[in-house]
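Please look over the model below before reading on.

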Amino acid sequence: MNMTTSLIVIALIAWCIQIIFSWLQIRRFNQAFLAMKKGAYLGVGRSQTKRFRPRVLIAISLDKHQIVIDSVLMKGITVFALPKPIAQLHGLSIADIIPANIFPNDPVSQSALTVALTTNKK
């Protein structure tokens, strides 16, 4: 094998590994999403960020009284990001949720939370 062929093979292997890790990450989020307590509303928000900045996915579940009963946050640059609950949201009314208070130093997470809540506030 010459140098060009070796580089092509390495690039293909790296691409395949990326596909596998991306699939595993999507699978982890889907499992966390399906494990959420189901309420009257289930919203998902995703931040809009540039390259090499952490992307944020937030899913929230509200009961019929507009109270948060479950939530999931997934934040990271790499495929190794894990879904975690957002404890400070649980039990809050949708009217009491101010993204800037929940994530004071994280505008990306504020954006994702706003998107997750936007559909329900209309």
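This is a predicted model: local features need pLDDT of at least 70, side-chain atom pairs count only at pLDDT 80 or more; totals for chains, interfaces and linings use all residues.

Helix α1 covers residues 3–35, which makes 33 residues. From its first C-alpha to its last, α1 reaches 48 Å, close to the 48 Å expected at 1.5 Å a residue. The N-terminal end of α1 is capped by Asn2, with a side-chain oxygen 3.3 Å from the backbone nitrogen of Thr4.

Ile13 also lies in helix α1.

Next come the strands. In a regular strand the side chains alternate between the two faces of the sheet. Strand β1, residues 41–46, has Tyr41, Gly43 and Gly45 on its covered face, while Leu42, Val44 and Arg46 are on the uncovered one. β1 runs antiparallel to strand β2 (residues 55–62), and six bridges join the two. Val44 has Ala59 as its bridge partner in β2.

Side chains of opposite charge can pair when their charged atoms come close. The count here comes to one salt bridge. Asp106 forms it with Lys75, and the closest N and O atoms are 2.6 Å apart. The pair links distant parts of the chain, 31 residues apart: Asp106 is in the loop between α2 (99–102) and α3 (107–121), and Lys75 is in strand β3 (residues 68–76). Asp106 counts as buried because its relative accessibility is 15%, whereas Lys75, at 35%, counts as partly exposed.

Key
Residues are numbered from 1 along each chain as its sequence is written. Side-chain values use heavy atoms; hydrogens and water are left out. Helices (H or I, at least four residues) and strands (E, at least two) are DSSP runs, numbered from the N terminus. The expected span of a helix is 1.5 Å times one less than its number of residues. A polar contact is a pair of N or O atoms within 3.5 Å; within protein, one must be able to donate a hydrogen and the other to accept it, and residues adjacent in sequence count only if both atoms are side-chain atoms. Buried means under 20% relative accessible area, exposed over 50%, partly exposed in between (1.4 Å probe, protein chains only). Two strands pair if DSSP finds at least two bridges between them. A salt bridge is a side-chain nitrogen of Lys or Arg within 4 Å of a carboxyl oxygen of Asp or Glu.
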